[in-house]
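Trainee: I've got a model open and I'd like to talk through its aromatic rings. Can we go through it together?

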Amino acid sequence: MGFRLPGIGNTKRSLTRSLSASKTLDIPKGYFAVYVGESQKKRFVIPISYLNEPMFRDLLSRAEEEFGYNHPMGGITIPCSERTFLDLTCRLTV
């Protein structure tokens, strides 16, 4: 029996930026789509396990304050820069 240690390599594999035009068909089970960016939104497919992380929940609270529950792009829109989002997700365990 082996153990896997989470690391940046695993995080980069689990955090996949989706470039596909399809909005729901390319999301694997256990993941969900978020849109991140200040002016131009980029779509990321991230693991549902991020919902257990306090830092990510704080980001979602800010999204709720700014956008409420109306997300016109079809996924959750997070009001932060792409760099901030990537810095935060690199610190999260998968």
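Predicted model: local features only at pLDDT ≥ 70, side-chain atom pairs only at ≥ 80, totals over all residues.

Trainee: How is the pair of F32 and F56 arranged: stacked, tilted or edge-to-face?

Mentor: The ring centres of F32 and F56 are 6.3 Å apart, and the planes meet at 75°. Planes over 60 degrees apart fall in one class, so with that angle the F32 and F56 pair is edge-to-face.

Trainee: How many residues apart in sequence are the parts that this pair ties together?

Mentor: F32 sits in strand 2 (residues 31–36), while F56 belongs to helix 2 (residues 54–67). The pair therefore ties together parts whose separation in sequence is 24 residues.

Trainee: Which residue joins F32 and F56 in a cluster?

Mentor: Ring pairs do the linking there. Alongside F32 and F56, the cluster takes in Y50.

Trainee: And F44 with F85, what is the angle between the planes?

Mentor: That pair links strand 3 (residues 42–47), where F44 is, to helix 3 (residues 82–91), where F85 is. F44 is buried at 3% relative accessible area, and F85 is buried too, at 0%. Their centres are 5.2 Å apart and the pair counts as tilted, with the planes at 45°.

Trainee: Where is confidence lowest in the protein chain?

Mentor: The chain has a mean pLDDT of 74, with 64% of its residues at 70 or more. Strand 3 is highest, at 92. At the other end, with a mean of 47, is helix 1 (residues 8–14).

Methods: Residues numbered from 1 in each chain as written. Heavy atoms only, no water. Phe/Tyr/Trp six-rings, centres within 6.5 Å; stacked < 30°, edge-to-face > 60°. Helix = DSSP H or I, 4+ residues; strand = E, 2+ residues; numbered from the N terminus. Buried < 20%, exposed > 50% of the residue type's maximum accessible area, 1.4 Å probe, protein only. pLDDT = per-residue confidence, 0-100.
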